[in-house]
Amino acid sequence: MSESPPTTPVCYRHPSRETYVRCTRCDRPICPDCMREASVGHQCPECVAEGRRGQRPARTVFGGGAAGRQGYVTKVLIGINVALILLSIYTARGGDAVAGAGFGGLLGGATPLTDWGAVLGLDRVGPFGVEEGIAAGEYYRLFTAMFLHYGLLHLLMNSWALWVLGRSLEATLGPLRFLALYLVAGVGGNVAAYLFSAPQARTVGASTAIFGLFAALFVIMRRLGRDTSSVIPILVINLVFTFAVPGISIAGHLGGLTAGAAMALVLAYAPRSRRTLFQVGGGAVIGLVLIGLTLMQSAALLA
């Protein structure tokens, strides 16, 4: 009785291809086109897909998504600022919208868009009372002001700082937590400008949020046990610049610094067991404090 010749294994996905390699998980034969590198040997596409479904997504040390390493939020924020200054210059249709109004003729002047979106406490006109301002119900100004700028130099300075600080913090915190930090710092600085600036003064700029990022970088580096000696001199220089140059909103910068530090403490020191709940709750408390201060100031201006 003659023996039948041994059968050569073929790829389970490509029956016309002979192979002696098998998937290390399911032991099915796989050809070179179906091989996927594994820690030991090779796996088939189905086993790789199944393994990925069972893996938890990568998280940062503070609970954020690993997508923050790409800096998408930072890039989008800068893009919004650029788009709005182009629209701002367009609405001005001439004048000193690009440069020529302040800071030795380097900063641009007001435009219809900055007039609409700047932090403005209260502006009364004639016997009919309130015309515009946060106290008149235009609370959107606390948000829009952080995306508007007076001229290209103003934009370039803030965008450069956002590019340097934002990518590092976004990679450490994750996209959503970084965005929350940025918005809380920006709104916090604008609330401070509303509280401590003259009611008719108008302020715009991302620097409220930028100062919050400086404070957050310091807090997070301390939390991670890293050297902060390189951060302090830069922060001090910016504070000196804030007090020395006329026309800069001191209250806005200090308010952004304080709000950013508070939010960073919430993000960095949240207990691991209930990290997300603590971070969301802490951010909500900061938001409620800012809302309360805003309503108190509105009541005072309207009294």
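A salt bridge is a side-chain nitrogen of Lys or Arg within 4 Å of a carboxyl oxygen of Asp or Glu. By this rule, six salt bridges are counted in the structure, which is a predicted model. The protein has 303 residues, of which 43% count as buried, and its secondary structure comes to 10 helices and six strands. Of the contacts in the protein with a separation of 6 or more, 62% are between residues 24 or more positions apart.

**Salt bridges and their network**

- Side chains of opposite charge can pair when their charged atoms come close.
- Arg202 forms a salt bridge with Glu132, and the closest N and O atoms of this pair are 2.7 Å apart. Because Arg202 lies in strand 6 and Glu132 in strand 5 (residues 130–132), the pair ties together parts of the chain that are 70 residues apart in sequence.
- Arg202 also meets Asp123 in a salt bridge between side chains, at 3.9 Å from N to O. This pair links distant parts of the chain, with Arg202 in strand 6 (residues 202–203) and Asp123 in strand 4 (residues 123–124), 79 residues apart.
- The relative accessibility of Arg202 is 25%, so this residue counts as partly exposed. Glu132 has a relative accessibility of 17% and therefore counts as buried, since the cut-off for buried is under 20%.
- Another salt bridge joins the side chains of Glu138 and Arg141, at 2.7 Å from N to O. Arg141 is buried, with a relative accessible area of 1%.
- Through salt bridges that share partners, Asp123, Glu132, Glu138, Arg141 and Arg202 are joined into one network.

**Nonpolar cores**

- In soluble globular proteins, nonpolar side chains tend to be buried together.
- The largest nonpolar core of this model has 48 residues. The residues with the most contacts inside this core are Leu162, Leu169, Phe178, Leu181, Tyr182, Ile210 and Leu213.
- Seven helices each supply at least two residues of this core: helix 2 (72–92), helix 5 (151–173), helix 6 (175–196), helix 7 (207–223), helix 8 (231–244), helix 9 (250–268) and helix 10 (275–302). Helix 7 gives the most, with 11 residues.
- What does Leu169 touch, not counting residues up to four places away in sequence? The residues are Gly174, Phe178, Leu181, Leu213, Ala216, Leu217 and Ile220.
- A second, separate core has seven residues, including Cys23, Cys31, Cys34 and Cys47.

**The cavity**

- A search of the whole structure finds one cavity of 30 Å³ or more. The largest cavity has a volume of about 40 Å³.
- The lining of the largest cavity consists of Val119, Gly121, Ala193, Tyr194, Ser197, Ala198, Pro199, Ala201, Gln297 and Leu301. Helix 6 and helix 10 are the elements that give two or more residues to this lining.
- By type, the lining residues of the largest cavity divide into seven nonpolar, three polar and no charged.

**Strand 4 and Gln200**

- Arg124 has its place in strand 4. The relative accessibility of Arg124 is 45%, so this residue counts as partly exposed.
- Although Arg124 and Gln200 are 76 residues apart along the chain, their C-alpha atoms are separated by 8.8 Å.

**The segment before strand 1**

- Most residues other than glycine have a negative phi. Asp27, by contrast, has a positive phi, near 70°.
- Asp27 is placed in the segment before strand 1 (36–37). With a relative accessibility of 47%, Asp27 counts as partly exposed.
- Pro15 also lies in the segment before strand 1. Is Pro15 buried or exposed? Pro15 is exposed, with a relative accessible area of 59%.
- The C-alpha atoms of Pro15 and Ile30 are separated by 9.7 Å, and the two residues are 15 residues apart along the chain.

Note on methods: Residues are numbered from 1 along each chain as its sequence is written. This is a predicted model: local features need pLDDT of at least 70, side-chain atom pairs count only at pLDDT 80 or more; totals for chains, interfaces and linings use all residues. Side-chain values use heavy atoms; hydrogens and water are left out. A nonpolar core is a set of buried Ala, Val, Leu, Ile, Met, Phe, Trp, Tyr and Cys residues joined through side-chain atoms within 4.5 Å. Buried means under 20% relative accessible area, exposed over 50%, partly exposed in between (1.4 Å probe, protein chains only). Helices (H or I, at least four residues) and strands (E, at least two) are DSSP runs, numbered from the N terminus. Contact means heavy atoms within 4.5 Å. On a 1 Å grid over the protein atoms alone, a cavity is a set of points where a 1.4 Å probe fits but cannot get out, and a pocket is an open set with protein on both sides within 12 Å along at least five of seven lines; lining residues have an atom within 4 Å of a point. Grid points are joined across faces, edges and corners, and a volume is the space filled by probe spheres set on the points. Ala, Val, Leu, Ile, Met, Phe, Trp, Tyr, Cys and Pro count as nonpolar, Asp, Glu, Lys and Arg as charged, and the others, Gly among them, as polar.
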